Amino acid sequence: MTARANANVFERLGVRTIINAHTTATRLSGGIMRPEVADAMREATQWCVDMATLEGRACEVIARHTGAEAGYVTSGAAAALLLGTAACVTGLDPSKMNRLPDTTGMKNEVVVARSQRNFYDHAVRTAGVTLVEVGISDRYSGAGVRDTEAWEIAAAITERTAAVLYVAGADSRPPLSEVVAAAHAKGVAVLVDAAAQLPPVANLRRFVAEGADLVCFSGGKALGGPQASGILCGKRDLVMAAALQHLDQDIYWEQWNPPAALFDKTRIPGLPQHGIGRPAKVGKEAIVGLLTALELFVQEGDEARRLRWTQQMESLLAALDGVPHATLALARDRRRHGLPTVALTLDEAAAGMTALDLVRRLQDGEPSVHANPSRVHDGVVVFSPVALKPGEELTIAARVRAELGGR
Ligand SMILES: *Cc1c(COP(=O)(O)O)cnc(C)c1O
């Protein structure tokens, strides 16, 4: 352990900190929390509350910001996917809730466009359902122009379908409104994974407005909440069904005075035991932190946030001016609402190293800088502002110079 007097908590643990120019990746511990969020979380640790009451208040706050009937704080977007799927399978039936993940005899299939499959759907399958993939990803293979179409989703819906899963992104097809129309025509709910779709602020409301029954957001990405937090919002009955499978309800029925925003006691015959969501428990600090971050995210607004990020990336560009073997540009990531990034295109032959070599050297050096490697096959190293502290761009520039030479 380090003995340095002003060592931070990670140094005291013997864990070196990194500069995260990748993004708010889970692997890299998400982002940097605003002091107001951290302060609210610290304050929350000094009190006890009834957790259902706290989630009831969270329900109202999230409903106000999303336009949804109800909302709930989860331990992440993946946890929201699990809870949302469970809610679609069980509805408000507590005996079904108690049986999950055994879904024998229940609606236990979730329909999804093949092009939207991704490994976060582990969370969906954890509820005990099977995914039914629809369509062929012609658009991605280059063999054609089409993706899955709404009629194919409609055709895959049967009496066993619990929900349609929709993964929202800049390139998602078919449009959500068409999927909603196809699913609702057969009385099936649409669960939207919008984990990384913030900013823009407007996306808090967009998917609900387009008819989604449940929407999942990550709290630990650009929203700026605790790394392990998220939001599930949507139809009142479904959010109630999710909450019933998540909150600790080890209490006598007569004692149970649930908050009206989240629960309607007259709709259920009794309380389920600890549900399928119990391993994804959320602490009071995380709920308070998420709600604080949500207010601040909306308050800052898209323009101020974009300006802050753009200025930091311009400062990085200026600090990298004249670095050898590299062409630099401010790039806007169209898949992330025009997020400003710095793209460094490496002259690999002249530099005597590949873009991946540069990423590895930045990562392994001191201080450790993590860049985004998703374009290294094109010789490009990308730096993103979302998880950077002010001033860290200067350290990044110094590290790049140390690897590539130059003043
Ligand atoms: C990040 C992400 C998730 C998981 O979000 P967590 O809040 O980390 O649980 C799920 N789906 C997609 C598409 C994501 O990008």
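**Figure 1. Close-up of the Ser 218 side chain and the backbone nitrogen of Gly 220.** In this predicted model, the side chain of Ser 218 reaches the backbone nitrogen of Gly 220 at a distance of 3.4 Å. Ser 218 belongs to strand β7, which covers residues 214-218. With a relative accessible area of 10%, Ser 218 counts as buried, because that value falls under the 20% cut-off for burial. When neighbours within four places in sequence are left aside, the residues in contact with Ser 218 are Ala 77, Ala 195, Leu 223, Ser 229 and Gly 230.

**Figure 2. Close-up of helix α11 and the elements that its buried residues pack against.** Helix α11, made up of residues 236-244, is mostly covered, with 7 of its 9 residues buried. These buried residues are Leu 238, Val 239, Met 240, Ala 241, Ala 242, Ala 243 and Leu 244. The elements they pack against include the strands β2 (70-74), β6 (189-193), β7 and β8 (230-234), and the helices α4 and α5 (94-99) are also among their packing partners.

**Figure 3. Close-up of Leu 244 and the largest nonpolar core.** In soluble globular proteins, nonpolar side chains tend to be buried together. The largest nonpolar core of this model holds 47 residues, and Leu 165, Leu 244 and Phe 263 are those with the most contacts inside it. Helix α4 (residues 77-90) provides the largest share of this core, namely 8 residues. Apart from its neighbours within four places in sequence, Leu 244 is in contact with Leu 92, Met 97, Gln 249, Trp 256, Phe 263, Ile 268, Leu 271 and Pro 272.

**Figure 4. Close-up of the largest cavity and the residues that line it.** The structure holds 1 cavity of 30 Å³ or more, and about 80 Å³ of space lies in the largest cavity. Its lining is formed by Pro 199, Asp 302, Arg 305, Arg 306, Trp 309, Arg 336, His 337, Gly 338, Leu 339 and Pro 340. Sorted by residue type, this lining comprises 4 nonpolar, 2 polar and 4 charged residues. Helix α12 (284-319) and strand β10 (339-346) each supply at least two residues of the lining, and the largest share, 4 residues, comes from α12.

Notes
Residues are numbered from 1 along each chain as its sequence is written. This is a predicted model: local features need pLDDT of at least 70, side-chain atom pairs count only at pLDDT 80 or more; totals for chains, interfaces and linings use all residues. Side-chain values use heavy atoms; hydrogens and water are left out. A nonpolar core is a set of buried Ala, Val, Leu, Ile, Met, Phe, Trp, Tyr and Cys residues joined through side-chain atoms within 4.5 Å. Buried means under 20% relative accessible area, exposed over 50%, partly exposed in between (1.4 Å probe, protein chains only). Contact means heavy atoms within 4.5 Å. On a 1 Å grid over the protein atoms alone, a cavity is a set of points where a 1.4 Å probe fits but cannot get out, and a pocket is an open set with protein on both sides within 12 Å along at least five of seven lines; lining residues have an atom within 4 Å of a point. Grid points are joined across faces, edges and corners, and a volume is the space filled by probe spheres set on the points. Ala, Val, Leu, Ile, Met, Phe, Trp, Tyr, Cys and Pro count as nonpolar, Asp, Glu, Lys and Arg as charged, and the others, Gly among them, as polar. A polar contact is a pair of N or O atoms within 3.5 Å; within protein, one must be able to donate a hydrogen and the other to accept it, and residues adjacent in sequence count only if both atoms are side-chain atoms.
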